Amino acid sequence: MKTSRDIVKIFLASPGDLKPERQVAKLVVDEFNSLWADHFGYQIELVGWEDTVSVYGRPQAVINKDLEQCEYFVGLIWKRWCTPPDNSGDYTSGFEEEFENTVRRRRKERSPQISLFFKTIDDDFLEDKGDQLKKVLDFKKRIADDKEILYETFENSEGFRQKFNRCIAKYIREKSISS
């Protein structure tokens, strides 16, 4: 058992339609920390847009500063793409900006680690997609076509809990082996 802990910051990116899964992520991190932080010597800190402190400046730029401090990016997406982060037109959503910044950083620095999850969409929603869902499906197709990031799907909060728990355990196990 280690006597001190290193902090591992994980950024959780998603539009607001995945609130239950965001809450599950916090529970998974709390459970990991209570069970394994002393053993492995790593304390996980989950960082997300809802944790960003309100200050003057472009809101997404402020969130991006928190993102830059993280060594692991977990992206969740379902039916919503959300709104553009500013009026310049560079990105169509805050999630897109967070994801693209992370991928650029990963290519340059070989960090952060990236995990991407898509919640399964009911067939009823696929009949009349709407603009938000079309953007999500286009993004998923791009990820599949690029073959750069392996993504996973999940059906519900419990399915996400299991997959997220696996990601954390694998990352910390590998980190502790290499240190």
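Predicted model: local features only at pLDDT ≥ 70, side-chain atom pairs only at ≥ 80, totals over all residues.

Reader: What makes up the lining of the largest pocket, and how much space lies in it?

Author: About 470 Å³ of space lies in there. The lining has 19 residues, and Tyr72, Gln113, Ile114, Ser115 and Leu150 are the ones nearest the centre. The elements giving two or more residues to this lining are α3, β4, β5 (151-154) and α6 (157-178).

Reader: What is the class make-up for the second largest pocket?

Author: There the lining has eight nonpolar, five polar and one charged residues. The volume is about 230 Å³. Of the 14 lining residues, Gln60, Cys82, Thr83, Gly94 and Phe95 are the closest to the centre, and the elements that give two or more residues are α2 (59-68) and α3.

Reader: Which residues line the largest cavity?

Author: They are Leu12, Arg22, Lys26, Leu46, Val47, Gly48, Glu50 and Asp51. By class that gives three nonpolar, one polar and four charged residues. Strand β2 provides the largest share of the lining, three residues.

Reader: How do you know that Trp81 and Phe139 form an aromatic pair, and why is it called tilted?

Author: Set the values against the cut-offs. The ring centres of Trp81 and Phe139 are 5.3 Å apart, and rings pair if their centres lie within 6.5 Å. The planes make an angle of 50°; under 30 degrees would count as stacked and over 60 as edge-to-face, so the pair is tilted. It links distant parts of the chain: Trp81 is in the loop between β3 (72-77) and α3 (94-109), while Phe139 is in helix α5 (residues 130-146), 58 residues apart. Both Trp81 and Phe139 are buried.

Reader: How many aromatic pairs does a search of the whole structure find?

Author: It finds 14. There is also one aromatic cluster formed by Phe11, Phe73, Trp81, Phe95, Phe99, Phe118, Phe139 and Tyr151.

Reader: What makes you say that the charged end of Lys140 sits over the ring of Phe118?

Author: The charged end of Lys140 is 5.4 Å from the centre of the Phe118 ring, and the distance limit is within 6 Å, along with an angle limit of 35 degrees from the ring normal. Lys79 also lies over a ring face, that of Trp78, at 4.1 Å from the ring centre.

Reader: Why is strand β4 described as largely enclosed?

Author: Because six of the seven residues of β4 (residues 113-119) are buried, and buried means under 20% relative accessible area. Strand β4 runs parallel to β3, joined by six bridges; two are enough for strands to pair. Phe73 stands opposite Ile114 in β4.

Key. Residues numbered from 1 in each chain as written. Heavy atoms only, no water. Phe/Tyr/Trp six-rings, centres within 6.5 Å; stacked < 30°, edge-to-face > 60°. Helix = DSSP H or I, 4+ residues; strand = E, 2+ residues; numbered from the N terminus. Buried < 20%, exposed > 50% of the residue type's maximum accessible area, 1.4 Å probe, protein only. 1 Å grid on protein atoms, 1.4 Å probe; cavity = no way out; pocket = protein on both sides within 12 Å on 5 of 7 lines; lining within 4 Å. Nonpolar A, V, L, I, M, F, W, Y, C, P; charged D, E, K, R; others polar. Points joined across faces, edges and corners; volume = space filled by probe spheres on them.
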